[in-house]
Amino acid sequence: MYPSYQNTVLGLYLCHAIGGMHGHLFFDLNSPAFTQRQGSNLVLNMHNDIKQQDRLQRSRLKLHQDSTWLRLIRDAERLRTSSLRDSWQFALDRTNPRKPHQGNLKVSLRDPVTRKLFRSGLKLDRRRVVVGVKPLSVTRAGVDFSSDAFALLPLVQRGSQQGLYTLAQLAASSQAVVVAINGGFFNRTRQLPLGALKRDGVWLSGPILNRGAIGWSTEGPLHFGRLRLKQKLQVKGGQSWDLGYLNSAFVRSGLSRYTSAWGPRYQALSGEEKALLIRNGSVVSQFKQSELDLGIPIADAENLLVSRGRGLLPAAIGDQVVFHLKTSDPLGDLPNVLGAGPLLLQGSRIVLSGQEEGFNPTFLRQAAPRSVVAQDARSLWLVAITDGGSGSPTLLETALALLQLRLSDALNLDGGSSTSLLLVDHLLLTGRGIAPRLQNALGLVALPQE
């Protein structure tokens, strides 16, 4: 039996043009959607308006829309469906995308600027790895932990979390970036990060769903693990309240906290919000939905406490409050943190557990270009693994390929169409054939030498 309710598409977003169709079509829905393959057709219980149907047709999709069902004609085998866990955002993408672009390493090696970097200890190679019977192409750049010529940094645009940029633009935001790779997950619609992002001791975006993360300081190996952020608000003379997320675009019912690291203003991320503004430990203002829709400024000494759903606000104007913050893993206490996932390797063992990190089973089964941050006993590596002639790797195949490279620890980054690797001004690799737009990245920065 088909479900009787009508699922409405609130927004349709097309990203990354590939072979006549965009690499991903993102649908924002008002409730969960069902999909079904009927012969050669893909059927989805969702309703698109006329403008949305026109966008789909311009993407060379043949479709029929009735009051409840969208039928994509002869596309059951060519389209893949996916969604985030507990999310009402739904994605379609081609199962036969354009081959990844791979730049010419020899051209890069002849460049005088890059030759100088190699003399300082930068390592770069491209090789073929076979997992089972599947050949894979591996491109990686690395430096030894003992080197004092380079440092790893999260790459973000300063001033506001919102916005998407090319890898070259993110690299330009930090001087002297010599190698850069795409970073953690983000919401393409809102253009905001979805996961842990900490730079120089400041949480730009808090961790979500116990997902894999790396933490590091200026010296020594990276720390790999899974990460949660435990927050409490203590009202003076009153009770304690658990807070869900810090500076996060991951929207759930309950209490979340936003600081000036989020950006100069907070604007409502859902349709049922109220908030308290806390300055120097004292509640000074209260806001309703209409005010949050317009946006609330957040100054350096302020916290905005947002309640979503039908939850109560934990304090009143004039109350004194204290925030308590603790990380689930010591890596979260380090000055720099980046989260993505799943965690692939730890201590030279495969530790892939997508369910533990809240990933959709469909995502775990997909074959796609992969971006990875990894290490062995001596070196840090930024790694891209792509189609070597028989298809892109799954997450398990990625982990097996990394073991062949004798890497001990590895974290999967936001791969697929986001996969990209930059060497100075040379884009060495892209996962879907064009330069993607990203929210954040990882970069190796050349340090000044005496």
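I started with the nonpolar cores, meaning sets of buried Ala, Val, Leu, Ile, Met, Phe, Trp, Tyr and Cys residues joined through side-chain atoms within 4.5 Å. The largest one has 77 residues, and Leu 304, Leu 402 and Leu 442 have the most contacts inside it. Buried, I noted, is under 20% relative accessible area, exposed is over 50%, and partly exposed is in between (1.4 Å probe, protein chains only). Strand S35, residues 379-387, gives the most to this core, with 6 residues. Strands here are DSSP runs (E, at least two residues), numbered from the N terminus.

A reminder to myself: this is a predicted model, where local features need pLDDT of at least 70 and side-chain atom pairs count only at pLDDT 80 or more, while totals for chains, interfaces and linings use all residues. Residues are numbered from 1 along each chain as its sequence is written, and side-chain values use heavy atoms, with hydrogens and water left out.

Next, I looked up Leu 402. Leaving aside neighbours within four places in sequence, Leu 402 is in contact (heavy atoms within 4.5 Å) with residues including Leu 344, Val 372, Val 383 and Ile 385. There's also a second, separate core of 13 residues, with Ala 171 and Leu 422 among them.

Then I went for rings. Phe, Tyr and Trp rings (six-membered ring for Trp) pair if their centres lie within 6.5 Å; planes under 30 degrees apart are stacked, over 60 edge-to-face, the rest tilted. I got 7 aromatic pairs in the whole structure. Trp 262 and Tyr 266 have ring centres 6.5 Å apart and planes at 45°, so I wrote down "tilted". Both Trp 262 and Tyr 266 are buried. Ring pairs also link Phe 185, Phe 359 and Phe 363 into a cluster.

Note on methods. Helix = DSSP H or I, 4+ residues; strand = E, 2+ residues; numbered from the N terminus.
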